[in-house]
Amino acid sequence: MSLAPYAALEEHSRGRRYSEASPTYRGEYQRDRDRIVHSSAFRRLEYKTQVFVNHEGDMFRTRLTHSIEVAQIGRAIARRLGLNEDLIEAISLAHDLGHTPFGHAGQDVLNECMKDHGGFEHNLQSLRIVDHLEQRYAEFMGLNLTFETREGILKHCSVKNAKEMGDVGERFLNKTQPSLEGQAANIADAIAYNNHDIDDGLRANFLSLEQMCEVDLFREQYEAVKKKYPDLGGRRQVHEIIRRMINAQAVDLIDESARRIKQAAPSHIDDVREHADLLIGFSEEMAEHNRDLKRFLRANLYRHYRVHRMTNKAKRILVALFDAYFEDPRILPHHTQEMVRAEEEENGLSGRARRICDYVAGMTDRYAILEYERIYNPTTLT
Ligand code: MG
């Protein structure tokens with residue numbers, strides 16, 4: 001299927017921060033995706049928490065499998081709407097690169113540790129990784145991705161931060177929209193995590209089928225599956241329900257977005273950016289169902305006492321690591337120590353804090369736990 005005129009077409013790209021010759025046999029957004037897949041931050045997603053910490057079991061989602069699911073859903077949406085699949089794939093695979101160990105608990109802790117030094121936000125950190133922290137190429141720091149991929153990664157941003165973000169921050173100041181690929185990746189993320197969190201929650205027995213039936217979206221599909229396959233039980237029943245939920249949401253999203261696009265009739269990506277509202281979105285009914293589902297998951301899964309215990313443990317680990325490094329950076333590995341020192345020479349203690357924050361944020365769950373042991377347990381080898 002050829003791309004729609006309102007898709008992110010390469011010839012309308014705002015380009016890269018450092019200009020480079022076009023790749024041979026690949027498109028610009030394919031190159032972005034490939035650079036993301038080859039980055040070290042991407043590999044570390046394998047051992048970072050989505051909701052369940054990696055050591056809790058091998059069957060749960062991690063940030064890596066989550067990102068792949070987002071890309072899969074995103075590409076399906078993109079293809080149907082004539083959007084750029086390569087771009088949506090690049091955005092989806094990169095969108096969580098900036099996540100700390102231990103999921104949202106980690107982000108809150110680092111934000112608190114950084115309160116006098118500019119704060120911490122995983123979304124900004126994803127961009128910081130692709131713009132500055134990855135060290136792979138001879139001619140620039142970071143991955144030197146296209147504007148469109150970077151714009152999609154920066155899903156949200158405070159006005160204060162936006163002022164310091166340059167080109168990708170502008171839309172938060174002049175209230176314009178991102179590309180349709182960016183908009184769609186954002187919703188594909190929500191479809192993926194809402195549905196796989198139910199799946200993981202049921203698998204862990206933190207949620208029950210009876211409880212899940214309080215949620216309209218789930219109950220509808222539960223009843224349909226029960227009617228068609230009355231004897232089906234166990235994991236196959238759960239998967240049959242969840243795959244139908246994902247499908248219902250994707251279909252609704254595509255139908256509603258196609259309707260909005262038809263009405264707005266954008267003929268260029270700039271029309272999309274200047275449109276007053278987002279053009280990719282659920283119907284009002286599906287949006288309400290989704291809000292219910294989110295409320296349910298917040299109350300019953302994310303605040304489940306066993307999830308909460310791990311959250312608390314995670315907070316203690318990360319505060320302890322940050323404090324120990326900040327108090328005496330000489331306990332950091334040589335390479336990191338040098339970066340901390342260089343940044344401190346330039347920006348004082350806030351520079352020291354920022355580099356330590358980068359280091360802690362980049363850790364996998366298991367590395368953070370191991371580091372905590374090495375630093376605080378006198379009998380563990382350092
Ligand atoms: Mg995500």
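Tutor: Let us begin with a term: a salt bridge is a side-chain nitrogen of Lys or Arg within 4 Å of a carboxyl oxygen of Asp or Glu. Please note also that this is a predicted model, in which local features need pLDDT of at least 70 and side-chain atom pairs count only at pLDDT 80 or more, while totals for chains, interfaces and linings use all residues. Residues are numbered from 1 along each chain as its sequence is written, and side-chain values use heavy atoms, with hydrogens and water left out.

Student: How many salt bridges does this rule give?

Tutor: The count comes to 39 salt bridges. In one of them, the side chains of Asp 189 and Lys 155 meet at 2.8 Å, N to O. This pair links distant parts of the chain, 34 residues apart: Asp 189 is in helix 10 (residues 180–203), and Lys 155 is in the loop between helix 7 and helix 8 (159–162). Helices here are DSSP runs of H or I with at least four residues, strands are runs of E with at least two, and both are numbered from the N terminus.

Student: Is Asp 189 buried or exposed?

Tutor: The general idea is relative accessible area: buried means under 20%, exposed means over 50%, and partly exposed lies in between, with a 1.4 Å probe and protein chains only. Asp 189, at 6% relative accessibility, counts as buried. Lys 155 also counts as buried, at 17%.

Student: Which residue forms a salt bridge with Arg 150?

Tutor: The partner of Arg 150 is Asp 131, with 2.9 Å from N to O. Arg 150 is buried at 3% relative accessibility, and Asp 131 is buried at 8%.

Student: Where do Asp 270 and Arg 273 lie?

Tutor: Both are in helix 14 (residues 269–274), three residues apart, which is about one turn of the helix. An α-helix has 3.6 residues a turn, so residues three or four places apart point the same way. The side chains of Asp 270 and Arg 273 form a salt bridge of 3.7 Å, N to O. Asp 270 is partly exposed at 29% relative accessibility, whereas Arg 273 is buried at 5%.

Student: Which residues coordinate the magnesium ion?

Tutor: Donors are N, O and S atoms within 2.8 Å of the metal (3.2 Å for Na, K and Ca); water is not among the atoms, so sites may look incomplete. Here the magnesium ion is coordinated by His 66 (NE2), His 95 (NE2), Asp 96 (OD) and Asp 189 (OD), at 2.2 to 2.6 Å. Along the sequence, these donor residues follow the spacing H-x28-H-D-x92-D. His 66 is in helix 3 (residues 63–81) and His 95 is in the loop between helix 4 (85–94) and helix 5 (103–113), so this pair ties together parts that are 29 residues apart in sequence. His 66 is buried, with a relative accessible area of 0%, and His 95 is buried at 4%.

Student: Which residues touch the most other members of the largest nonpolar core?

Tutor: A nonpolar core is a set of buried Ala, Val, Leu, Ile, Met, Phe, Trp, Tyr and Cys residues joined through side-chain atoms within 4.5 Å. The largest one has 58 residues, of which Ile 198, Phe 218 and Ile 280 touch the most other members. The elements that give two or more residues to this core include helix 3, helix 4 and helix 10. Helix 10 gives the most to this core, with nine residues. Apart from it lies another core, of 24 residues, among them Phe 120 and Met 310.

Student: Which residues of helix 18 are buried?

Tutor: They are Asp 365, Ala 368 and Glu 371. These residues cover an arc of only 130 degrees around the axis, which puts them on the same side of helix 18; the arc is that of the directions from the helix axis to the C-beta atoms. The buried residues of helix 18 pack against helix 16 (305–327) and helix 17 (334–362), where contact means heavy atoms within 4.5 Å.

Student: What is the place of Tyr 376?

Tutor: Tyr 376 is in helix 18 and counts as partly exposed, at 40% relative accessibility. Leaving aside neighbours within four places in sequence, Tyr 376 is in contact with Ala 320 and Ala 324.
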